[in-house]
Amino acid sequence: MEYNSIEERIVQEIKDKILSGELAENTRISEREICDAYHVTRPAVRIAIDRLKKENWLFVKAKSGTYVAPINKKTIEESFQVRLMIEPQILIWNINEIDSADVERMRHNTERMRVAEHEEYAYRELDNHTVIKEKTKNTIIVELLDNMIANILRITSKTSVSEERRLSSIYEWERIIACIERKEAHQASQYMTLHLLNTADEFWRNYRGDNQED
């Protein structure tokens, strides 16, 4: 993968380590170790860490340091609720902003979802949601959805995707994309609502994380 800067590379590779489990929740992050690993100075590392904190991948413990942020049941529930409220409505508001290049991007992602391993499947599915997010000009909504991206990826990484759900998800995306191409906003919104509800149902059936309420 090509990166625009060393900070971007550090951010992405730390995210990948969190998603793979190499960096577990509540693991302390050492700035010095990152500096040594990437042969960079502390200012570059701090830019990367600040971005990861802003996106909720890391958090700070007072007088202790920076740690991998845990994701709990409450966070998961809230992420699903926000998606269900916002994403179908974006399709109603902004379907005319989704052009043929966007449709092709979504189709390519959906085809890759048929054969992708779990991590790529999660990224492809998320990129379809990103296409829709990119079309809203509402900065508050964009910020909300940007802050959810980390949670969505980490939620998906906690469970496997059954073959039945994979095929159902692909079918739902095909219906959504077809409606977008025909500019049938309300029908696309309805399929998106169905997709999000089914995704949440599958997640809760398979969830094996910590169910403690915070």
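1. Helix α6 covers residues 118–133, and at 1.5 Å a residue its 16 residues should span 22 Å; the end C-alpha atoms lie 23 Å apart, which agrees. The expected span is 1.5 Å times one less than the number of residues. Helices here are DSSP runs (H or I, at least four residues), numbered from the N terminus.

2. This is a predicted model, in which local features need pLDDT of at least 70 and side-chain atom pairs count only at pLDDT 80 or more, while totals for chains, interfaces and linings use all residues. Residues are numbered from 1 along each chain as its sequence is written, and side-chain values use heavy atoms, leaving out hydrogens and water.

3. Buried residues of α6 include Y121, A122, E125 and L126. Buried means under 20% relative accessible area, exposed over 50%, and partly exposed in between (1.4 Å probe, protein chains only).

4. The disulfide count is zero, a disulfide being a pair of cysteine sulfur atoms within 2.5 Å. C35 is buried at 10% relative accessible area, and C179 is buried at 2%.

5. There are 20 salt bridges, each a side-chain nitrogen of Lys or Arg within 4 Å of a carboxyl oxygen of Asp or Glu. E13 pairs with R9, with closest N and O atoms 3.0 Å apart. The two are four residues apart in helix α1 (residues 6–20), so about one helical turn separates them. E13 is partly exposed at 22%, as is R9 at 34%.

6. R46 and E31 form a salt bridge at 3.0 Å, N to O. R46 is in helix α3 (residues 42–54) and E31 in helix α2 (residues 31–38), so the pair ties together parts 15 residues apart in sequence.

7. E55 and R51 form a salt bridge at 3.1 Å, and K15 joins R51 and E55 in a network of salt bridges.
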